[in-house]
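Please keep the sequence and the structure in view while reading.

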Amino acid sequence: MRENLDRVRDQIAEAAQASGRTVDEVRLIGVTKYVDIETTQALLELGCQDLGESRPQQLWAKAEALASYSPHWHMIGHLQRNKTKRTIPLLSVLHSGDSLRLLKAADNDWTGDAPLATFIEVNISGDDAKGGFPPADIAPALRQIAALKRLRIVGLMGMASLEGGRTQAQKDFAGLRELRDQLRSDCPEEVSLDELSMGMSHDFDLAIREGATMVRVGSSLFEGLS
């Protein structure tokens, strides 16, 4: 796992340099949704403090078991509103702000002293199987989103299309960046769109080249583990 983590970090550094940025401008989120508590603990002990989960029940169990490590939990999958009350207080970042109804529930259930860092999830690829706001719906919703005082909107999150390979992935990432740039021209001052959460194990290098500031990497960290 140490070799995997070092390799991923090297790839992040190379992609950041290729895009004219430094490695410090890209945050690695170690996605632990397919590994057990012991493996997640090992990743924490190697220094990966930002952990991503997509299933609330697994996040609850790992957060309890690994509390002494004080990890930063990122919710990266769809969150049902009946699970926000238990999930939202555990988070450092909510990536999957995929609807106004969910964002309002998260705002209601956040208990921290400072607002919760939150991404607006965008269905940039148009895949029916993916969640998120249609791109055209975000601008009309921004005023309502800005009124949620317990959330701090930091940027946009998206996933590449399931089809089309790396060529289509890069187009999708570029599309999310371009959408972010367009929205910035008439964005409420309460909303920041500085961050882009995009890119996974098979395409995070492309996402970084298109401006990703957070990449969500899972399988590449656990290759070769029995």
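Arg 184 and Asp 194 form a salt bridge, with 2.9 Å between the closest N and O atoms. The term salt bridge is used here for a side-chain nitrogen of Lys or Arg within 4 Å of a carboxyl oxygen of Asp or Glu. This pair links distant parts of the chain: Arg 184 belongs to helix α7 (residues 165–184), while Asp 194 sits in the loop between α7 and β7 (195–197), 10 residues apart from Arg 184. Arg 184 is partly exposed, with a relative accessible area of 39%. Asp 194 is also partly exposed, with a relative accessible area of 48%. On this scale, buried means under 20% relative accessible area, exposed means over 50%, and partly exposed lies in between (1.4 Å probe, protein chains only).

The model is predicted: local features need pLDDT of at least 70, side-chain atom pairs count only at pLDDT 80 or more, and totals for chains, interfaces and linings use all residues. Residues are numbered from 1 along each chain as its sequence is written, and side-chain values use heavy atoms, with hydrogens and water left out.

**Further salt bridges**

A search of the whole structure finds 11 salt bridges. The table lists some of them.

| Pair | N to O distance |
|---|---|
| Arg 184 and Asp 194 | 2.9 Å |
| Asp 109 and Lys 85 | 3.2 Å |
| Glu 223 and Arg 7 | 3.2 Å |

The side chains of Glu 223 and Arg 7 meet at 3.2 Å, N to O. Glu 223 is in the segment after β8 (214–217) and Arg 7 is in helix α1 (residues 2–18), so the pair links distant parts of the chain, 216 residues apart. Glu 223 counts as partly exposed at 46% relative accessibility, and Arg 7 counts as partly exposed at 30%.

For Asp 109 and Lys 85, the closest N and O atoms are 3.2 Å apart. Are the two partners buried or exposed? Asp 109 counts as buried at 9% relative accessibility, whereas Lys 85 counts as exposed at 60%.

**Trp 110**

Trp 110 lies in the loop between α5 and β5 (116–122). At 13% relative accessibility, Trp 110 counts as buried. Leaving aside residues up to four places away in sequence, Trp 110 touches Ile 88, Pro 89, Leu 91, Pro 115, Leu 116 and Arg 150; a contact means heavy atoms within 4.5 Å. Trp 110 and Leu 100 are 10 residues apart in sequence, and their C-alpha atoms are 15 Å apart in space.

**The whole protein**

The protein has eight helices and eight strands. These are DSSP runs numbered from the N terminus: helices are H or I with at least four residues, strands are E with at least two. The C-alpha atoms fill a box of roughly 45 × 40 × 30 Å along the principal axes. Of the 226 residues, 51% count as buried. Among contacts between residues at least 6 apart in sequence, 58% join residues at least 24 apart.
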